[in-house]
Amino acid sequence: MTTRRLALQQSAAVAALLAAAGLLPAAAQAAYNKAAFDAKNVADVLKALGAGAPVESKEVTITGPDIAENGAVVPLGAATTLAGVKKLLVLVEKNPNTLVAAFDVSDAVEPNFLTRAKLGQSSDVYAVAVTGDGKAFYAKKEVKVTLGGCGG
């Protein structure tokens, strides 16, 4: 009789063999752009991702609180109605790592994402939509982080 433990061990072994042979689909393997995540400002993030200089657009929206009482967990949302978007980014200007989240978008995915980010201090937060031809469009919002609810 096959137990659950044995089935999991066998599944893990098969997955490891497929990964070692390079037979797992690309969607099952994490894509990581180290240069983009290590970038220290908005321009460097976009350059690392192959995007041009960003242009402000009313078709890109960023949502989040005006004042975040706890900078450790700040809810942020990014969305766009632009056609041909391939990536939707959430950037925090004054964070040690500017790139907070990068979402790959296809025609089958509605470009509307919610996430949570850690903000060390009050900062401008950007939602950037990058199209297939490398054009970047953004929306910006200032989020103030308070320390203990006393203002910051």
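Q: What share of the contacts in the protein chain between residues at least 6 apart in sequence joins residues at least 24 apart?
A: The share is 60%, where a contact means heavy atoms within 4.5 Å. The model is predicted: local features need pLDDT of at least 70 and side-chain atom pairs count only at pLDDT 80 or more, while totals for chains, interfaces and linings use all residues. Numbering starts from 1 along each chain as its sequence is written, and side-chain values use heavy atoms, with hydrogens and water left out.

Q: How many helices and strands does the protein chain have, and in what order do the elements run?
A: The protein chain has 3 helices and 9 strands, taken as DSSP runs numbered from the N terminus (helices are H or I with at least four residues, strands are E with at least two). From the N terminus on, the order is α-α-α-β-β-β-β-β-β-β-β-β.

Q: What fraction of the protein chain counts as buried?
A: Of the 152 residues, 35% are buried, which means under 20% relative accessible area, with over 50% called exposed and values in between partly exposed (1.4 Å probe, protein chains only). The accessible surface of the protein chain comes to about 9,400 Å², and 56% of that belongs to carbon and sulfur atoms. These areas come from the Shrake-Rupley method with a 1.4 Å probe, and for residues only the protein chains shown count as cover.

Q: Why is the contact of Lys-34 with Asp-38 called a salt bridge?
A: The term asks for a side-chain nitrogen of Lys or Arg within 4 Å of a carboxyl oxygen of Asp or Glu. The closest N and O atoms of Lys-34 and Asp-38 are 2.8 Å apart, so the pair qualifies. The two residues are 4 apart in helix H2 (residues 34-38), which separates them by about one helical turn. Asp-38, at a relative accessible area of 34%, is partly exposed. In total, the structure holds 5 salt bridges.

Q: Which way do E8 and E9 pair, and over how many bridges?
A: E8 and E9 pair in the antiparallel sense over 8 bridges, and two strands pair if DSSP finds at least two bridges between them. Asp-124 has Glu-142 in E9 as its bridge partner. The hairpin of these strands has 4 residues between them, and Gly-134 there takes a positive phi near 90°. E8 also pairs with E5, again antiparallel, over 7 bridges, and Leu-89 stands opposite Val-128 in E8.

Q: Why is E8 described as largely enclosed by the rest of the structure?
A: In E8, 9 of the 9 residues are buried, so the strand is largely enclosed. Ser-123, Val-125, Ala-127, Ala-129 and Thr-131 point one way, and Asp-124, Tyr-126, Val-128 and Val-130 point the other way. Residues on both sides are buried.

Q: What kind of pair do the rings of Phe-103 and Phe-113 form?
A: The structure holds 2 aromatic pairs. In this one the ring centres are 4.2 Å apart and the planes stand at 0°, so the pair is stacked. Rings of Phe, Tyr and Trp (its six-membered ring) pair if their centres lie within 6.5 Å, and planes under 30 degrees apart count as stacked, over 60 as edge-to-face and the rest as tilted. Phe-103 lies in strand E6 and Phe-113 in strand E7 (residues 112-117), so the pair ties together parts 10 residues apart in sequence. Phe-103 and Phe-113 are both buried.
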